[in-house]
Amino acid sequence: MRVKQWDVRYVVGISLKRGEMRGTKSIGTLVFVTATAFAGERMKVAVCNTGEIPRRVIASSEAEAAYVFRTVGVDIHWTDCGEEIGAPDARMRPDFIVRVQMGGKVAKAGAVSLEAMGRAFMDEKEYGFMADAYFGAIRDLTVLFPYTTSEQLLGYVMTHELGHLLIGAGHRPHGIMRASLGKSELEELNRRHLNFNDGERATILRNLQTRKAARQEN
Ligand SMILES: [Zn+2]
């Protein structure tokens, strides 16, 4: 069976099974396949925690977002909201900034629009590098519909908004880029079943390559 390189869940799963069977010999294999899985693109994302949300919540949300992006061959390098944001050298700056704020409100019934929980800022050419996530709305939603945790949902909102910055403003009927979330999507999210599709994956990788080329020219 051929294993797609970017499917880390699958690759790591296989390696762990081998590890059980063959002991320490497989450590080299694990390191090798993990390195192969990260042979795609990298992006630096600064998280500005303006809502003073506990650090462990942010860290766990970053892990959720990193997991989804790894399945499409993108490795995220997270940074805090530090001086590099305004660095004169474009290569030092983060590719994207996510501001995590309190606030936001969710309706008490029906599917919840993602717009209540986050926003991506883009110009008329659908180019942008900044997004917001509203932790107040995110936490309220997980209290009303406890099918997933607020950490997981924040990670999902970060992923969705970064998805807009990389793919464009539109929504899709399924997966990460859907416009709203209901009970079944929250359950899917909890099982980590919401993903980017193959077309979105290609667009994301192309977009990151274009950004990298533009940065090197500057
Ligand atoms: Zn959206």
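Two residues count as being in contact if their C-beta atoms, placed from the backbone, lie within 7 Å. With that criterion, and leaving aside neighbours within four places in sequence, isoleucine 138 is in contact with Met117, Ala133, Ser150, Leu153, Leu154 and Val157. The model is a predicted one: local features need pLDDT of at least 70, side-chain atom pairs count only at pLDDT 80 or more, and totals for chains, interfaces and linings use all residues. Residues are numbered from 1 along each chain as its sequence is written.

Confidence first. On the pLDDT scale (the predictor's confidence in each residue, from 0 to 100), the protein averages 82, and 79% of the residues score at least 70. Helices (H or I, at least four residues) and strands (E, at least two) are taken as DSSP runs, numbered from the N terminus. The mean is lowest in helix α1 (residues 8-22), at 31, and highest in α5, at 97. Over residues 1-37 the pLDDT is below 50, yet this stretch has 27 contacts in the model beyond near neighbours in sequence. Where pLDDT is low, the predicted coordinates should not be read in detail.

Now the sheet. Strands are said to pair if DSSP finds at least two bridges between them. Five strands form an open sheet in the order β2-β1-β3-β6-β5, and the pairing is mixed. Because β2 (74-80) and β5 (118-121) stand at the edges with a single partner strand each, one side of each is left without a neighbour in the sheet. On average, neighbouring strands are turned by 25° against each other, direction ignored; axes here are lines fitted to C-alpha atoms, for helices over the stretch in contact, and angles run from 0 to 180 degrees between N-to-C directions.

Going strand by strand, β1 and β2 pair in the parallel sense over seven bridges, with methionine 43 opposite isoleucine 76 in β2. The chain gets from β1 to β2 through α3, in a right-handed β-α-β crossover (with the strands pointing away from the viewer, the path from the first strand over the helix to the second runs clockwise). Strand β1 (residues 41-49) also pairs with β3 (residues 96-101), again in the parallel sense, over five bridges. Valine 47 sits opposite valine 98 in β3, and alanine 46 has isoleucine 97 as its bridge partner in β3. Helix α7 (residues 198-217) packs on the sheet, where it touches β1 and β2, and its direction makes about 85° with that of β1. Further along, β3 and β6 (residues 130-134) run parallel and are joined by five bridges; here valine 100 stands opposite alanine 133 in β6.

What about the core? A residue is buried if 20 or more other C-beta atoms lie within 10 Å of its own, exposed if 12 or fewer, and partly exposed in between, with C-beta atoms placed from the backbone. A nonpolar core is a set of buried Ala, Val, Leu, Ile, Met, Phe, Trp, Tyr and Cys residues joined through C-beta atoms within 7 Å. The largest one has 47 residues, of which Val98, Met117, Ala133, Ile138, Leu154 and Val157 touch the most other members. At least two residues each come from β1, α3 (55-70), β2, β3, β6, α4 (135-144), α5 (150-167) and α6 (183-190). Helix α5 gives the largest share, nine residues.

A few loop residues deserve a look. Isoleucine 85 is found in the loop between β2 and β3 and is partly exposed, because 14 other C-beta atoms lie within 10 Å. Beyond its neighbours within four places in sequence, isoleucine 85 is in contact with Ala46, Arg93, Pro94 and Ile97. Its C-alpha lies 9.3 Å from that of phenylalanine 96, a residue 11 places apart from isoleucine 85 in sequence.

Most residues other than glycine have a negative phi. Glutamate 126, in the loop between β5 and β6, has a positive phi of about 60° although it is not a glycine. Glutamate 126 has 13 other C-beta atoms within 10 Å, so it is partly exposed. Arginine 192, in the loop between α6 and α7, likewise has a positive phi, near 60°. With 16 other C-beta atoms within 10 Å, arginine 192 is partly exposed.
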